[in-house]
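Please look over the sequence and the model shown here. The report then takes up a helix, its aromatic partners and a strand.

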Amino acid sequence: MAEVETAPAAVEYQQKETVYCGVCSLPPEYCEYGGTTKKCEEWLESAHPDLHSKLYSSDPNVTANLSTLSIAVQQRSEKDAAKKAAKAAAQESKESEKRATSMITIKRIERNKRKYVTTIFGLEQFGLELKKCAKDFGKKFATGSSVTKVPGGGDEITVQGDVSDDLMDYILENYKDIPEDNVECVEDKKNKKSGGP
């Protein structure tokens with residue numbers, strides 16, 4: 001009789017759950033490379049205490065291995081960690097200062113006698129995606145809106161119609177991280193060409 005080969009049993013894969021840091025969005029094992037080690041450790045301790053005790057434990061084997069490192073290597077690693085933390089703090093303060101000083105300009109521009117276009121400049125400084133904002137403005141005000149390049153560099157959102165006041169209210173209402181002092185409305189009229197004699 002011929003032997004019948006049996007097919008190997010199907011292997012069941014179990015889903016693995018991965019935890020990502022709420023501060024730097026890396027897995028907690030790699031937070032030390034992100035530059036915000038202290039904040040990441042505090043977040044991990046509050047959100048996942050069991051994982052925190054596993055990663056940041058005071059295991060005698062780990063401390064024994066660390067003590068065998070040369071003093072120069074320990075000083076270098078401490079210096080590198082301090083540099084990363086200082087760099088991250090400087091970048092964070094630079095971004096917050098940039099947001100505090102940047103302005104959003106809403107301009108109402110006259111096209112013809114009674115036709116207007118509203119432009120918004122400076123939204124990208126607050127971390128907003130211009131295409132998404134343009135689509136939201138178009139839906140909200142039932143008009144056409146698009147992202148256009150500015151000759152001086154940068155992008156602005158152009159919304160058809162005179163919606164400058166409503167647009168200012170909409171921005172302040174829906175984007176909470178933009179302070180009211182940083183939004184200004186400007187009316188820009190077309191210069192009329194003077195006729196010759």
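What follows describes selected local features of this predicted model.

## Basis

The model is predicted: local features need pLDDT of at least 70, side-chain atom pairs count only at pLDDT 80 or more, and totals for chains, interfaces and linings use all residues. Residues are numbered from 1 along each chain as its sequence is written, and side-chain values use heavy atoms, with hydrogens and water left out.

Helices (H or I, at least four residues) and strands (E, at least two) are DSSP runs, numbered from the N terminus. Buried means under 20% relative accessible area, exposed over 50%, and partly exposed in between, with a 1.4 Å probe and protein chains only.

## Helix α6

Helix α6 spans residues 164-174. Its buried residues are S164, L167, M168, Y170 and I171. Seen down the axis, they fall within an arc of 165 degrees, so they line one face of α6. The arc is taken from the directions from the helix axis to the C-beta atoms. An α-helix has 3.6 residues a turn, so residues three or four places apart point the same way.

D165 and E173 are exposed, on the face of α6 turned away from its buried side. Contact here means heavy atoms within 4.5 Å.

## Aromatic pairs

The whole structure holds 2 aromatic pairs. Rings of Phe, Tyr and Trp (its six-membered ring) pair if their centres lie within 6.5 Å; planes under 30 degrees apart count as stacked, over 60 as edge-to-face and the rest as tilted. F137 and Y170 pair edge-to-face, at 5.9 Å centre to centre and 75 degrees between the planes. F137 lies in α5 and Y170 in α6, so this pair ties together parts 33 residues apart in sequence. F137 is buried, with a relative accessible area of 0%. Y170 counts as buried at 15%.

F141 and Y170 are also edge-to-face, at 6.0 Å and 70 degrees. This pair links F141 in α5 with Y170 in α6, 29 residues apart. Both residues are buried. F137, F141 and Y170 form one aromatic cluster.

T119 lies in strand β2. T119 counts as buried, at 6% relative accessibility. Leaving out residues up to four places away in sequence, T119 touches T105, I106, K107, I109, E156, I157 and T158.

The charged end of R108 sits over the ring of Y116, 4.2 Å from its centre. The criterion is NZ of Lys or CZ of Arg within 6 Å of the ring centre and within 35 degrees of the ring normal.
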